[in-house]
Amino acid sequence: MLSRLRRRTAGPRPDPQGVNFTSEHLTAAKTLARRKQVINAIWVRIPILSLWSGGALEDIADNSLYFRFVLALVGIIWLLAIPYEGLWKRTYVDEHALQPSQVTMYFDWAEVHKADRYLDTLEKIVNGTFDERTAFLQESFSISGLATSNTSTSTYAHIRPPRSKGTETILVSANWVSRDGTPNLRGIATLLALGDFLQGQNHWASDLVLVVGEGYVEGLEGFMREYHNLFPGVIWTGLNIDYPGHSFSHLGMFYEGVNGRLPNQDIVNAASNVARYAGGVLPRLHDVVDEPPAGFGSPLVQNYLLGAKHLLHHFAFMATGRGSAAHGVLARHRIDALTLYASPAEGPHGFHTLGRTIESTLRSMNNLLERLHASYFFYLLPRPDQFIPVGHYLPAAVLLGASLTIGGFDCPSPLEGLGYILPAFAVAAVAWIVGLHPIFLAPVPLAILPRPQGQAHTSAKSLTLLFYGALIPTLAMVNFPQAVVLALISLLYLTLPKYLALAILAIQPGLILALAQGYWGLDLQKDWLAVGNLTWPGVYAVWLPLWMISVVLL
Amino acid sequence: MLLSSLRLLLLTPILSAAGATSRLPTHRTASTTEQDAFYESLTLRPLPDGRLSVLFEFTTYFGSPASSSSSSISSPIPQSHHSLTPPALLLPLEQNNVSELTISFSTGWDQARTGISGSGHYETSGGGGEVRGWLYENQDDQDVSSGRTVEDRWGAVTHALGGLFCAGLGPTEAGENVRTFGENYPPVRGDTDNITHFLLSHPEAQLCTENLTPFLSLLPSKGQSGLSALLAQPGIIFAWASQAEGIEVIMPTASHHGRWQGWWEGIVDLRTLNGKGSGKRDFSIEKIFRKSVPRPFPEAGGSVIRLISDGAVVAEPSGSREVEERIDGILETVLEWDVLDERTLIGSDIAFRWDEDRFRHPRTITPPGLTTSRTIIDRLASDGTLRIAISNNDEIDREAVYSEIWPWWVKGWMSEVEVEVDDAKRPDLLESVSYNPSIPPRVSTTTTHFQLRLPAKSTVVLKIPFTKLTIKYTEHRPDAERGVELSSGVLTLLDLDVDQDSKGERSHRHDGDDEHVMSRSRSRNPLKSGRRRIYTNRILLDVPTPDFSMPYNVIIMSSTVMAVFFGLMQGSLTRKWGWVQIQPGADSTEAGAGAEAKDNGSLKEYGGVVVGSE
């Protein structure tokens, strides 16, 4: 193509009579002419950019609409393509120090017997007071030879292996309430047996802290807030044990942390590897059955549907910013953690498998010389042994964001537009401060906020598009599912034809949140207060202003 | 204030010319012997949490004043005759004009679980490696003429001994030397004239298997006989917990003997020794070392096995004598077996038993008089707060100086230091602060000394907020994401009753006076302790680290390319290029040819300058 451009005539020939040009001039002239042609070729083909090439202003709206539509379409197609196997890669352990499943395990039937004995007592005191429960736990840890104490909502024990420097710590936790809502007695029994088992072993380089938290996450979160007053060791990695049934068939890996922070993928990969090869139990992602649905013909379609199923579970946790299990609260403290969930079943696995898996996983974590890093934090997991690297999914959100941004280029009067946007943010901020539920903001855009007309309308809309268009790709880097949801909401609110948009805007955000709370028990406000889930402030800072502006701009 | 109170300590003669420490089995003075002498001891101390502290100490006296001075006079060629002393250790010290030197390696000591404030040997430093010592100022004509500063000599001696201990002991840059700790570690001889103190802390260093062989090679018995034969078993020694190793050398002067002492300590878990389920914590020399009592080293002046116990342990055969000794301020009964005297012990075993059915790990352990803990709270990528909790469990107020060493990039907010007791601010407890900031851009350390009053039965919390300055790309260590270890903090006690050193309390039970001894047994006076310093734990400080991985390299590479070509791209996208007509006469060189140009509505004439933009 370059050579073709080069052969083209670069404007009219210079007139040798009129100018005393040198060969230098001629070369420069040719270069300039060539460059001009290339740039013109691009400008002509991208309608939106014709603004600068002198195109008529009124054409821009049409051109940009066309261009935005293409971008949004490609973005959505990309999004739908994510469960397609062609975009996946096989997982691998990136940090070589982890060496999963490479150790001899010592957890054996003697420890299983001890866990059973602990379980007997735990079953008796499960409905007791906190004091009764912590007294038993501390007594058990102490008999094992561990330093133990409690905070107001948790009991902890400190294992100081002989060769540990005490500068690094691995956290192992089990909470009284499982993510099922049932008592996590076997998880705690495993933890007590581990305390007895690990004490005195001299191949550990890190300290270990065992925590039994009250409730589902409250105790663990309370402990983490006090951790740095109690212990000097830096925690890099953590493991949470959730074993509600009497036996289990698979080990579920729950990895999503609060605010969509994922643990380093090596943690998930190493734990899966250990479960599969050292523990002898098949890993699962969350509690999703990893079998292709029957009756959909080709394996391609089956795998697509199975991948989509896994990703939808993942999106549900991520979009709401909730941790998928109790380990989620550790994410806020910069700990790469994972919950091992023993999927309740009639068998065949029990304490033996779980104990060996935990031992081997902890040994892998113990091998670390430094914090897990290496850009391995951004991923989607469509199947237990497959992942989608960031480069394969991120463009979907970027394209959706770009389609919004381009729509905002036509902004004749930015200041005037700003005057119509800022009130919406101000109203949301006031609502946040006085603690008003979003549903009560429903009449605000109709009653209070001014409606822009003419040029002001165009400007306000452009500014909104620019702001949300910039926000979406940025958010996508941190929390891809949340960014996708925001992009879809923005597209629905801001780009649909008037009456369709009206129908959608009629479903007020507060209404959606109230319904979600009613049907699925999704209490974002409680999450924010208890574990610092930023989605609740996000609703006030991002979603409500968007909704109010969109209503005003209709 | 701070200086004066430390000075008090400093000027007190800690060790008389006799040079005997409390741990020495025999009383020895310089006047009694002309030749070198070697003493060794093995101290066993059961700990309340079912473990046992095992401490080896080897002490050599050398270089009687008369002989050293005469030899240097009689011969123009420097001569060094060594019988019991290791030339590899002493020659670098002599060459570099060192007065005293201490090297120690240790891993953490759990104060709360052992009931002791630190390692069994008082000179063991905090976590990691540390080398400290006193050097003579330049007086020697030779040093002045060769242009070697005292800092050069310190570098030379630390590098030489680093090679000996298979560990990088020397400073990588001169600024790493800490010069403000002289008052925390006063010279043994008590005379600070013409000597200067150096300290180098290596909190990242480990005591490792490579340290044992050089240590043994320094001993006259070389691990072949005597108590060192028990130590020369890396497979056993390195399975122990809380290891500590150290040497302390005090060079001879015209009037004083030299002394060098080496020690090695570890903690044995007696429950795992007997099998975890057994519930027993009985032990014996053979159980611990898998060797019987070895034959003594022929040249040894003393070879003693000692048991510090409160009487709950029954030994078989029982020791030949009992002595009373103050350890950490507590008057303890020490049972001793002198291997030199009791030849029947050689090749046999000494067994130790508790009169109990089953050992039950205590729910709580009585803490030692002073405990420290150091953590970092308010952790952010760029900031943090050091929280140092010092618990005084005794009935009396204590005076102490708390000292910290920070790398240059830790900047403490000294104006915001807080002292609290029970969450209430107590600025009155902080009596003075000495702050020696690092001097950028040279690599140097910041040191701080806080003089504190520690009220009885309370926990003083010292909070020091700090900021982490940005480290240069090249200053990150390998495994940058690990963070950087901070040296242990040092709590130096100012109010010890040093005049009544523990040896003054010593009495031999077989001399009679049983009743007197029994009544004073385990009496506690925290001021009469030989432990002058209590160390906090090391701490791993997270450092804001760029991602040094491959994607990061790709990102900086592509960002660089974008930055370099930004101007070109920006120009191409926003400018319009064309021909500009230069008016005739605008430029003298071009003017003649400027001529009439045809302008067909667009700019396409060739002038002198062809760049234009809009």
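**Briefing: domains, annotated segments and nonpolar cores**

The model is predicted, and UniProt, in an unreviewed entry, lists 465–493 of chain A among the stretches given the feature "transmembrane region".

**Annotated segments of chain A**
- The unreviewed UniProt entry places the feature "transmembrane region" at residues 38–57, 63–82, 390–409, 421–444, 465–493, 499–522 and 534–553 of chain A.

**Domains of chain A and their contact**
- Chain A is divided into domain 1, covering 2–45, domain 2, made up of 75–81 + 391–553, and domain 3, covering 99–384.
- Between the C-alpha centres of domain 2 and domain 3 of chain A there is a distance of 37 Å, and 15 residues of domain 2 are in contact with 16 residues of domain 3.
- On the side of domain 2 of chain A that touches domain 3 of chain A, α16 (480–495) and α19 (524–531) of chain A each supply at least two residues, and α19(A) gives the most, with four residues.
- The residues on that side of domain 2 of chain A divide into nine nonpolar, five polar and one charged.

**Nonpolar cores**
- The largest nonpolar core has 234 residues, and those with the most contacts inside it are A:Leu210, A:Ala397 and A:Ile472.
- Helix α20 (residues 535–553) of chain A contributes the largest share of this core, 13 residues.
- When residues up to four places away in sequence are not counted, A:Leu210 touches A:Tyr156, A:Ala157, A:Ile159, A:Val172, A:Leu191, A:Leu194 and A:Gly195.
- Another core, of seven residues, lies apart from the largest one and has B:Tyr39, B:Tyr61, B:Phe297 and B:Ala300 among its residues.

**An exposed residue of chain B**
- B:Asp428 sits in the loop between β19 (424–425) and β20 (430–436) of chain B.
- B:Asp428 counts as exposed because it has 8 C-beta neighbours inside 10 Å, the cut-off for an exposed residue being 12 or fewer.
- Although B:Asp428 and B:Arg453 are 25 residues apart along the chain, their C-alpha atoms are separated by 8.5 Å.

Conventions:
Residues are numbered from 1 along each chain as its sequence is written. Chains are lettered from A and ligands numbered from 1 in the order in which they are written. This is a predicted model: local features need pLDDT of at least 70, side-chain atom pairs count only at pLDDT 80 or more; totals for chains, interfaces and linings use all residues. Domain bounds come from an automatic or database domain assignment. Two residues are in contact if their C-beta atoms, placed from the backbone, lie within 7 Å. Ala, Val, Leu, Ile, Met, Phe, Trp, Tyr, Cys and Pro count as nonpolar, Asp, Glu, Lys and Arg as charged, and the others, Gly among them, as polar. UniProt positions are given in the numbering used here, feature names are shortened, and annotations may be inferred rather than shown by experiment. A residue is buried if 20 or more other C-beta atoms lie within 10 Å of its own, exposed if 12 or fewer, and partly exposed in between; C-beta atoms are placed from the backbone. A nonpolar core is a set of buried Ala, Val, Leu, Ile, Met, Phe, Trp, Tyr and Cys residues joined through C-beta atoms within 7 Å.
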